[in-house]
Amino acid sequence: MTKNNNLFAVALITSLFFIWGFALNLNPILIPHLKKACQLSDLQSSLVDSASYIAYFLLPIPAAQFMKRYGYKGGILLGLILFSVGAFLFYPASIVRNYAFFLGALFIIFSGAAFLETAANPYITALGDPDGATQRINFAQSFNGLAAVLAPLVGGVVILSGKTLTAAQEAAMPPAQLNDYLNKEASSVQTPFIIIGVGVLIVAILLYRTHLPQIVEEGEGMEHHESLSLFQRMSSLFKEKNLRFGVIAQFFYVGAQACVGSFFIRFSERVAGMDEKSAAYYLTAGMFAFLAGRAIGTFLMTFINPVKLLAIFGITNVILIVVSVFLHGKFPVFALIGVEFFMSIMFPTIFSLSIRGLGAKTKEGSSLVIMAIVGGAVFPPIMGRLSDLTNIQIAYLVPAACFLFVFYFAIKNLKVKEVKLSVSH
């Protein structure tokens, strides 16, 4: 590849980090929005996360197998097409105002995202000089963080109306007027998701027309490992104690991450008396704190053992959430913004600890850790049900418990002195 072509390829692969980051961080906007437009309980609205994250459980291994046959480029193209189709389906879903339709569209979007995330992290390291791999992946990950900041800001402006009716107000409205109100609310997703679908298709076309190098997998014992059946390879992975423990920790972490962000707007409305648009701005501040936390945390790792930092950040989040559960006003909202800051380094640190020493098993071991993202599908419904039974503040004890397990995972890994961060989510 020429230097210009290589830079263009890096730019295209980097855009994938932005694409899945933007989609995932729209969920905290979609949850209160669809709760209102489709008249849902907290438990029902939390299924937005379930439909999104379940794809990460079902797709990584099929994605890895698909890419072994058709290459990383083929996998990325399929992921982009699935992503675009899911985005376009938001239009008919909003017309019929059917929640199951919305969930199906989200599942297709994140099936595509699972392909992208499985491919993009290793691919970005292969584009160019191996000595610059760390710089390239850090650069790409910064766009994932940028997407996390922009998604709630853009979503809050173009999707949320700022008008939320109480149950009494809805009951007092004539059925035709209420139906018009709900249809108007649902229709606000049409334009942004059409734009997303078109944008992703453009990236797919550009990537199809761009030459990308093949990734050559290396590793001691690779030939023997590849000769085993998928079942045998997965069975051998489950014998890796460190990997098993890391998968569980990642399961709890992503569950906590999803819970904190997904119910942030509802929490802010109930505890601090904010309207949904104002709450979306605070959520944007939280995402900015997350981005800042990753940069600052990565810098601190040059002076502090990453595992110790993971332990400190984990127990700090437990304390901040407990504080947010028992206080009122805006302070609990600021505490949750602090939680976003301190959870920023957790995914890459847990990931790197989990796959340490896997050698030729690294690719499929990585797939298992990515599959643990299904925690984001499991814990929000638990939190939603607890909120329906009690209130949204008490429900935040669910992510507190998850962060407590992350703290435990870090304590158990304190003997590890060196951790190389190589992935983000």
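Mentor: Please begin with a single side chain, and keep in mind that this is a predicted model.

Trainee: Which residues does Y396 touch, not counting residues up to four places away in sequence?

Mentor: Neighbours up to four places away are set aside, and contact means heavy atoms within 4.5 Å. On that basis, the partners of Y396 are C259, V260, F263, F264, F267, I321, V325, L336 and M383.

Trainee: Is S111 buried or exposed?

Mentor: S111 is found in helix α7, and its contacts beyond four places in sequence are A55, L59 and L82. Buried means under 20% relative accessible area. Because its relative accessibility is 5%, S111 counts as buried.

Trainee: Is T14 buried or exposed?

Mentor: T14 lies in helix α1, which covers residues 3–24. Leaving out residues up to four places away in sequence, T14 touches I124, F139, A140 and F143. Its relative accessible area is 3%, and therefore T14 is classed as buried.

Trainee: Where is M343 found, and is M343 buried or exposed?

Mentor: M343 is found in the loop between α18 (331–342) and α19 (346–354). Since its relative accessible area is 1%, M343 is buried.

Trainee: At what angle do α16 and α18 pack, and what classes of residue make the contact?

Mentor: The axes are 7 Å apart and the angle is about 35°, with a right-handed crossing. From α16, the contact draws on residues including Y282, A285, F290 and I296, and from α18 it uses V333, F334, I337, E340 and F341. By class, the contact has 11 nonpolar, 2 polar and 1 charged residues.

Trainee: Why is α15 oblique to α16?

Mentor: The axes of α15 (residues 264–272) and α16 (residues 276–300) come within 9 Å and cross at roughly 125°. Angles over 145 degrees count as roughly antiparallel and those from 65 to 115 as roughly perpendicular, so an angle between these ranges falls in the remaining class. That makes the arrangement of α15 and α16 oblique.

Trainee: Which residues of α15 make the contact with α16?

Mentor: The crossing of these two helices is right-handed. On the side of α16, the contact is made by E276, A279, A280, Y282 and L283. On the side of α15, the residues are F264, I265, S268 and E269.

Trainee: How many helices and strands has the chain, and what share of its residues count as buried?

Mentor: The secondary structure comes to 23 helices and 0 strands. Among contacts between residues at least 6 apart in sequence, 85% join residues at least 24 apart. Of the 425 residues, the share that count as buried is 56%.

Definitions and conventions:
Residues are numbered from 1 along each chain as its sequence is written. This is a predicted model: local features need pLDDT of at least 70, side-chain atom pairs count only at pLDDT 80 or more; totals for chains, interfaces and linings use all residues. Side-chain values use heavy atoms; hydrogens and water are left out. Helices (H or I, at least four residues) and strands (E, at least two) are DSSP runs, numbered from the N terminus. Buried means under 20% relative accessible area, exposed over 50%, partly exposed in between (1.4 Å probe, protein chains only). Axes are lines fitted to C-alpha atoms, for helices over the stretch in contact, and angles run from 0 to 180 degrees between N-to-C directions. Angles under 35 degrees count as roughly parallel, over 145 as roughly antiparallel, 65 to 115 as roughly perpendicular and the rest as oblique. A crossing is left-handed if the near helix is turned anticlockwise from the far one by less than a right angle, and right-handed if clockwise. Ala, Val, Leu, Ile, Met, Phe, Trp, Tyr, Cys and Pro count as nonpolar, Asp, Glu, Lys and Arg as charged, and the others, Gly among them, as polar.
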